[in-house]
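Here are my notes for someone opening this structure for the first time. Keep the model on screen and follow the points in order.

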Amino acid sequence: MLCKVLPHVSLVSVSRLTKKMAKTKDLAGQRFGRLTVLYDTGKRKNGHVVWHCQCDCGNELDIRSDSLVFARTTSCGCYKRQRTAEVHTVHGMARGEKRHSIYWIWHSMLQRCENPSNEGYRNYGFRGIKVCDEWHKLIPFCDWALASGWQKGLQLDRINNNGNYEPGNCRWATPQENSRNKRDNRMITFAGKTQCLAAWVDDTGIEYDTLRARINRYRWPIERALTEFVKRHNKGGDL
């Protein structure tokens, strides 16, 4: 009967078409990036189903199935606009805006590694500390910073103090954490535990100046310095 209605369509073509329609995957209810698939629009484009989707921002739009499945489209465009705004803010390109703090972190990193006139150069560039090629451009550094947990007030910290500035050797740390990772910190070992003086202050409850004086000025043995009860004196400080 079908062949009489459509004489130009063979039974083989009808069979293939039927199988293809049966294989159409139902994407309704699934999420792709910021998009939630609502329903099949009934439209087809280049052999692909066109789905009606809603973005997390509230916008609705029609998208082909292949663009969803292969992550070619993951939002209505709001994510790209957001990232562009973040990058432009960091780069300081918005008129009337102060340069973003990430910009100054990036700028300072390059200066102390590559500018012999910079006061920090002797501790970085002079020692052979370098900035990786990728981070010589602000945008890649900005992308890494935003993706790796940057927050206002955090500092760029190298995990290995003898290593370079590169994604695998850097993290964001509080000023206190960063200061404890300085190469000139004296590491103190006691009871099988090795850490800097500031960390021992946290463990023992002894004030920093008192503990430092016991070890550096009075040359107390480490065990005594870390364990002896603090005596309060009216003059001359604590011991």
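1. How many residues lie between strand 2 and strand 3 in their hairpin? The two strands have 2 residues between them, and asparagine 46 in that turn has a positive phi of about 55 degrees. Strands, like helices, are DSSP runs numbered from the N terminus (H or I, at least four residues, for a helix; E, at least two, for a strand).

2. A word on the ground rules before going further. This is a predicted model, in which local features need pLDDT of at least 70 and side-chain atom pairs count only at pLDDT 80 or more, while totals for chains, interfaces and linings use all residues. Residues are numbered from 1 along each chain as its sequence is written, and side-chain values use heavy atoms, with hydrogens and water left out.

3. Now the overall picture. The protein chain has 10 helices and 8 strands. Of its 239 residues, 29% count as buried (buried is under 20% relative accessible area, exposed over 50%, partly exposed in between, with a 1.4 Å probe and protein chains only). Among contacts with a separation of 6 or more, 36% come from residues 24 or more positions apart (a contact means heavy atoms within 4.5 Å).

4. An open sheet of 4 strands runs in the order 1-2-3-4 with antiparallel pairing (two strands pair if DSSP finds at least two bridges between them). Its edges are strand 1 (31-32) and strand 4, each pairing on one side only. Strand 2 (residues 35-45) meets strand 3 over 7 antiparallel bridges; aspartate 40 is partnered with tryptophan 51, and leucine 35 stands opposite cysteine 55.

5. Strand 3 (residues 48-55) has 6 of its 8 residues buried, so it is largely enclosed by the rest of the structure.

6. Leaving aside neighbours within four places in sequence, serine 75 is in contact with Arg34, Leu35 and Cys55.

7. Where do the aromatic rings meet? The count comes to 9 aromatic pairs (rings of Phe, Tyr and Trp, the last by its six-membered ring, pair if their centres lie within 6.5 Å; planes under 30 degrees apart are stacked, over 60 edge-to-face, the rest tilted). Tryptophan 135 and phenylalanine 141 have ring centres 5.0 Å apart and planes at 85 degrees, so that pair is edge-to-face. Tryptophan 135 is buried at 0% relative accessibility, and phenylalanine 141 is buried at 0% too. Phenylalanine 190 and tryptophan 200 form an edge-to-face pair, at 6.2 Å centre to centre and 65 degrees between the planes. Phenylalanine 190 belongs to strand 7 (residues 187-190) and tryptophan 200 to helix 8 (residues 197-204), so this pair ties together parts 10 residues apart in sequence. Ring pairs also link Trp135, Phe141, Trp144 and Trp172 into a cluster.

8. Arginine 112 lies over the face of tyrosine 124, 5.1 Å from the ring centre. The charged end of arginine 224 is over the ring of tryptophan 220, 3.7 Å from its centre.

9. Most residues other than glycine have a negative phi. Alanine 191, not a glycine, has a positive phi of about 55 degrees; it lies in the loop between strand 7 and strand 8 (193-196) and is exposed, with a relative accessible area of 69%. Arginine 219 has a positive phi near 60 degrees, sits in the loop between helix 9 (208-217) and helix 10 (222-227), and counts as exposed at 65% relative accessibility.

Terms used. Lys NZ or Arg CZ within 6 Å of the ring centre and 35° of its normal.
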